[in-house]
Every structure is written in C-alpha cells, then in structure tokens.
Amino acid sequence: MKKILVLFSHPKFEKSRTNTALVNHIKGMEGVTFHDLYERYPNFHIDVEAEKELLEAHDIIIWHHPFYWYSCPPLMKQWIDLVLEFGWAYGPNGNALQSKTCLNVITTGGAREVYCSEGTNSFTVNQFLRPFEQTANLCGMQYLPPFAVMGTHKLTDEQLATYVMQYGKLIHLLQQNLTLNDFKGCFFLNDIPQLQTP
Ligand SMILES: Cc1cc2nc3c(=O)[nH]c(=O)nc-3n(C[C@H](O)[C@H](O)[C@H](O)COP(=O)(O)O)c2cc1C
C-alpha cells in the first residue's frame with residue numbers, strides 16, 4: 001500500500017466547517033500521515049530536516065488547504081520555500097522526490113462555474129494552481145489534477161458529506177495505485193468515474 005502524507009495548512013482551522021469535515025474523515029486512515037503545519041509550526045519556524053525525512057518516507061504528497069487569494073495560506077508557501085531545497089528536491093543531485101506523486105486538495109468559497117474565462121474569477125482553478133504543478137514537475141514528481149470542494153459557503157450538509165466520502169475513496173484509490181489513465185483529460189479528480197458511485 002502506498003504511503004500518503006497529507007500536508008495540511010489552515011490558519012483558522014478552529015473556525016473551519018469544510019476542512020474539519022474532510023480532515024476528520026481521513027486523519028486516522030491506515031497508511032495516511034496527517035501533518036497539520038499550523039499546529040506544528042505556529043511561529044513559522046519549520047524544521048526542514050524533519051520535513052525532508054517525512055517526505056522521504058512517503059510515496060504520495062497531498063497539499064491540502066483552503067484556497068486563499070487564488071493560492072495557498074502563507075505557511076504552506078513557507079514550507080515549499082524552505083523544504084524543497086536546491087540540490088535535494090531539484091537541481092544537480094536533487095532527486096529526493098523523483099517519482100513520487102503530488103496533488104492539491106483544496107476548498108474554495110467560489111463555486112465551480114465562476115472559475116472559467118467567462119466567470120468572475122476569469123481563470124480555472126487548474127490555471128491558478130500552475131505554480132504547484134510546475135513545482136512538482138521541477139522536483140520530478142507526477143502531479144495529479146486537484147480534488148476540489150467548491151462553493152463551500154453554500155454547501156448543504158448532504159453535499160459536504162458526499163465530498164467527504166469522495167475524499168476518503170480517493171485516498172483508497174491513490175493507495176491502490178491510481179494510474180494516469182484513470183484521470184486522463186480530467187480537470188478535477190472529483191470527476192473520475194470511481195468517485196461517482198457511493
Ligand atoms: C483570506 C481568505 C482568502 C480567500 N481567498 C479565496 C479565493 O481566492 N478564492 C475562493 O474561491 N475562496 C477564497 N476564500 C474562501 C475560502 O477558500 C473558504 O472560506 C474555505 O475554503 C472554506 O473552508 P473552511 O470552512 O474549512 O474554512 C478565502 C478566504 C479567506 C479567509
């Protein structure tokens with residue numbers, strides 16, 4: 001079974017509805033290491049060596065965060081800036097992350113339809129996530145489409161429960177070797193057929 005590291009970043013987790021539900025579901029799953037960055041590093045002093053060891057011990061890295069100003073909260077960016085070192089994650093001999101898999105799991109206030117060229121946000125979520133995609137590429141990782149919980153402010157309890165169930169199922173699929181063919185042409189991992197049945 002593949003080992004999954006969930007790097008979770010939420011500055012206001014105590015006030016969260018959506019991420020609390022998602023996290024509570026996947027936190028204790030077998031083969032999943034849940035790592036809450038704001039809990040571990042409230043002062044932003046990241047233990048780079050400890051983070052590298054964690055990365056080395058896992059096959060799949062999930063950047064799980066609410067979408068803040070079309071990106072991630074600041075501690076996640078700090079984590080990327082400090083941990084993905086030249087000569088380790090990329091550059092000459094920088095091959096520590098080669099062949100691992102990486103993806104974003106995000107929650108957005110904006111609904112799916114506002115993330116397109118005609119919508120109020122002008123661009124797709126995937127376009128906004130390009131820096132993450134290219135970061136993963138540069139580090140030799142396989143970057144998957146995002147799993148996105150969108151329109152959080154208007155989600156009913158039932159809709160949220162469906163997303164929660166899908167996130168758990170996705171973790172199982174990733175552990176069992178989801179292949180490139182499973183998400184070919186997919187904008188969101190939410191859309192893969194395996195997640196459409198209860
Ligand atoms: C500082 C800040 C910035 C935000 N920026 C965005 C954004 O760029 N796009 C968007 O769709 N939602 C944005 N939101 C809404 C959050 O993504 C949304 O409230 C969150 O994902 C809901 O999850 P939660 O209940 O776990 O907090 C923002 C919220 C805050 C507080």
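## Basis of the model

The structure is a predicted model, in which local features need pLDDT of at least 70 and side-chain atom pairs count only at pLDDT 80 or more, while totals for chains, interfaces and linings use all residues. Residues are numbered from 1 along each chain as its sequence is written, and side-chain values use heavy atoms, with hydrogens and water left out.

Helices (H or I, at least four residues) and strands (E, at least two) are DSSP runs, numbered from the N terminus. Strand S3 (residues 60–66) is mostly covered, with 7 of its 7 residues buried; buried means under 20% relative accessible area, exposed over 50%, and partly exposed in between (1.4 Å probe, protein chains only). In a regular strand the side chains alternate between the two faces of the sheet. Ile60, Ile62, His64 and Pro66 point one way from S3, and Ile61, Trp63 and His65 point the other way.

Two strands pair if DSSP finds at least two bridges between them. Strand S1 (residues 4–8) pairs with S3 in the parallel sense over 5 bridges, and Leu7 has Trp63 as its bridge partner in S3. S3 and strand S4 (residues 101–108) also run parallel, joined by 7 bridges; the bridge partner of His65 in S4 is Ile106.

## Helices H3 and H4

The axes of H3 (48–56) and helix H4 (residues 74–83) come within 10 Å and cross at roughly 90 degrees. Axes are lines fitted to C-alpha atoms, for helices over the stretch in contact, and angles run from 0 to 180 degrees between N-to-C directions. H3 and H4 are therefore roughly perpendicular to each other, a term for angles of 65 to 115 degrees (under 35 is roughly parallel, over 145 roughly antiparallel, the rest oblique).

Val48, Glu51, Lys52 and Leu55 of H3 meet Trp79, Leu82 and Val83 of H4, where contact means heavy atoms within 4.5 Å. By class, this contact has 5 nonpolar, no polar and 2 charged residues. Ala, Val, Leu, Ile, Met, Phe, Trp, Tyr, Cys and Pro count as nonpolar, Asp, Glu, Lys and Arg as charged, and the others, Gly among them, as polar.

## Ile46

Ile46 lies in the loop between helix H2 (37–40) and helix H3 (48–56). Ile46 counts as buried because its relative accessibility is 10%. Leaving aside neighbours within four places in sequence, its contacts include Glu51, Trp79, Leu82 and Val83.
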